[in-house]
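User: Hi! I have a protein model open on my screen and would like to walk through it with you. Could you help me read it?

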Amino acid sequence: MDAKYKRVMIKLSGEALAGEQEFGIDPATVQQISESVKEVYVHDVEISVVVGGGNFWRGRQGFGMDKSTADYMGMLSTVLNALALQDALEQMGVPVRVQTAIEMKEIAEPYIKRKAMRHLEKRRVVIFAAGTGNPFFTTDTTAALRAAEIDADIILLAKNVDAVYDSDPAINPNAQKFDHLSYLDVINKGLKVMDSTAITLCMDNDIPILVFGLDNPDNILRAVNGEQIGTLIEGGN
């Protein structure tokens, strides 16, 4: 089957890499996610990834810490996850490059758009780490920004829930599932999909977002092939 999308941005939460643990990296989970990415890779899809850092650090974590300092710590957490994902993919024979928004040349390339584009054209997976390099911006915003810069066809937002709901389905058994939303729907309804900056970036650059669950290892490939899973967010209603 020919993939519907030829260049994709996969956004993973840091918590996704922790698996059933509450902290750190679960090797089995990273292995499973990497296998799913490889399954997409062999279909000649150009893949970029942004991964969060919430499995190591979230905000100020109650310390009353300066927000900028806390955000920089979060950026460093994303680098740990990016390197773990890189290593797992490389062990499967998938070529990978990690690019960081904060320069740390001993372990990764600095983010350079032209180099990132060249890596994608050369069939290398590119993992963008360290956020945007600036405090006060989330990794959701990083995913939207990098997707716009590399001209990605779609953002694949892999979550712990299978779609977007009007309330938390784990709490409300009558939560309404949405199959399709517009960017403005997400903003006006206050849906906790991505932060408003990320949604606005996607709206301004006409980048669709597909929200789906990671519970099925085949879901990333199904998403790339254009199957009806999760919730699609795009311009129209």
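Analyst: Happy to! Let's begin with a definition: buried means under 20% relative accessible area, exposed means over 50%, and partly exposed lies in between, using a 1.4 Å probe and protein chains only. This is a predicted model, in which local features need pLDDT of at least 70 and side-chain atom pairs count only at pLDDT 80 or more, while totals for chains, interfaces and linings use all residues. Residues are numbered from 1 along each chain as its sequence is written, and side-chain values use heavy atoms, with hydrogens and water left out.

User: Thanks! Is leucine 12 buried or exposed?

Analyst: Leucine 12 lies in strand S1; helices (H or I, at least four residues) and strands (E, at least two) are DSSP runs, numbered from the N terminus. Counting contact as heavy atoms within 4.5 Å, leucine 12 touches residues including Ile33, Val49, Leu85 and Leu214. Its relative accessibility is 1%, so leucine 12 counts as buried.

User: Which elements do the buried residues of H5 pack against?

Analyst: The buried residues of H5 are Asp140, Thr141, Thr142, Ala143, Ala144, Arg146 and Ala147. Their packing partners are S1, S2, S5, S6 and helix H7 (196–205).

User: With which residue does the side chain of lysine 11 make a polar contact?

Analyst: Lysine 11 is in strand S1 and, with a relative accessible area of 5%, it is buried. A polar contact is a pair of N or O atoms within 3.5 Å; within protein, one must be able to donate a hydrogen and the other to accept it, and residues adjacent in sequence count only if both atoms are side-chain atoms. The partner of lysine 11, with a side-chain to side-chain distance of 3.5 Å, is threonine 139.

User: What else does threonine 139 touch, besides Lys11?

Analyst: Threonine 139 is found in helix H5. Not counting residues up to four places away in sequence, its contacts besides Lys11 are Val50, Val51, Gly52 and Thr78.

User: How far apart are the farthest two C-alpha atoms of the "binding site" set that includes Lys11?

Analyst: UniProt, in an unreviewed entry, places this "binding site" at Lys11, Leu12, Ser13, Gly14, Gly54, Arg58, Asn160, Tyr165 and Asp168; such annotations may be inferred rather than shown by experiment, feature names are shortened, and positions follow the numbering used here. These residues span 158 residues in sequence and do not all gather at one spot, because the farthest two C-alpha atoms are 23.5 Å apart.

User: Is phenylalanine 137 buried, partly exposed or exposed?

Analyst: Phenylalanine 137 lies in the loop between S5 and H5. With a relative accessible area of 43%, phenylalanine 137 is partly exposed.

User: How far apart are the C-alpha atoms of aspartate 2 and glutamate 227?

Analyst: Aspartate 2 lies in the segment before S1 and is exposed, with a relative accessible area of 69%. Aspartate 2 and glutamate 227 are 225 residues apart along the chain. Their C-alpha atoms are separated by 12 Å.
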